[in-house]
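Here is a short tour of a protein model, written to be read with the picture open beside you. Take a quick look at the fold, then read on.

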Amino acid sequence: MRPIWLDSAYKYLGLREIPGAPTQPVIAGWLKRLKAWWADDETPWCGTFAAAVMQENGIQPPAAWYRAKAWLTWGSALVMPTVGCIVVFDRQGGGHVAICVGKSSDGRLVCIGGNQGNAVTIAPFDRGRVLGYRWPEGEPIQPVAALPLVASNGQSSNNEA
């Protein structure tokens, strides 16, 4: 059984930001609900996606939810990834946050996240980029088992800004 927040994340799969001045209405709604001081989808929104999904399920995101690396102090630390955990990645210029859904056939982590190629997508990530794995405080942790194999396009994510 997968965590409820992962079910919420999947319902946004394929949601894309709108290039230029218009803002994707769903993203604008998340920003308003999260009380952001900005209202556009041109600002990196991976943390917005993670916070919105958690908030939809009654789980408090970190105070600085808009900063990917702020998720490193949220919830409980995990030693290994499990389906539904928050994964914080390093990237040039900052970080990235997404939710683990499994692994690829070559062992990369496969995660659903916002602002992955300007959309909510499922993408593989090199494990060398991982800064930490987190689990929501007070939520029953899933049994740690081998991550399921998840099909991907084979291209490691590298467009999260």
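## Ground rules

Two strands count as paired if DSSP finds at least two bridges between them. Helices (H or I, at least four residues) and strands (E, at least two) are DSSP runs, numbered from the N terminus.

The model is predicted, so to speak: local features need pLDDT of at least 70, side-chain atom pairs count only at pLDDT 80 or more, and totals for chains, interfaces and linings use all residues. Residues are numbered from 1 along each chain as its sequence is written, and side-chain values use heavy atoms, with hydrogens and water left out.

## The sheet

Let's start with the strands. Six of them form an open sheet in the order β1-β6-β2-β3-β4-β5, with antiparallel pairing. At the edges sit β1 (76-78) and β5 (121-125), each pairing on one side only. On average, neighbouring strands are turned by 45° against each other, direction ignored; the axes behind such angles are lines fitted to C-alpha atoms (for helices over the stretch in contact), and angles run from 0 to 180 degrees between N-to-C directions.

What holds strands together in a sheet? Strands pair through backbone hydrogen bonds, either parallel or antiparallel. Here, β1 and β6 (residues 130-135) are joined antiparallel over three bridges, and S76 stands opposite W135 in β6.

## Strand β2 and its partners

Strand β2 has antiparallel partners: six bridges join β2 to β3, and four join β2 to β6. You can find I86 bridged to I99 in β3, and F89 bridged to V130 in β6. The hairpin of β2 and β3 has two residues between the strands, and G93 takes a positive phi near 90° there.

Five of the six residues of β2 are buried (under 20% relative accessible area; exposed is over 50%, partly exposed in between, with a 1.4 Å probe and protein chains only), so this strand is largely enclosed by the rest of the structure. Take V87: its contacts (heavy atoms within 4.5 Å) include H96, L109, V130 and Y133, leaving aside neighbours within four places in sequence.

## The helices

Helix α3 (residues 46-56) lies across β2 (86-91), β3 (94-103) and β4 (109-113), and runs at about 50° to β3.

Now for helix α2 (residues 25-33), where I27, W30 and L31 are buried. Seen down the axis of α2, its buried residues fall within an arc of 95° (taken from the directions from the helix axis to the C-beta atoms), so they line one face of the helix. Those buried residues pack against α3, while P25 and K32 are exposed on the face turned away from the buried side. After α2 comes K35, with a positive phi near 60°.

## The core

The largest nonpolar core is a set of 46 residues, and F49, W71, I86, V87 and I99 touch the most other members. Such a core is a set of buried Ala, Val, Leu, Ile, Met, Phe, Trp, Tyr and Cys residues joined through side-chain atoms within 4.5 Å. Helix α3 gives the largest share, seven residues.

Where does V120 sit? V120 is in the loop between β4 and β5, and it is buried, with a relative accessible area of 1%. Not counting residues up to four places away in sequence, V120 touches A9, Y12, W45 and F49, among others.
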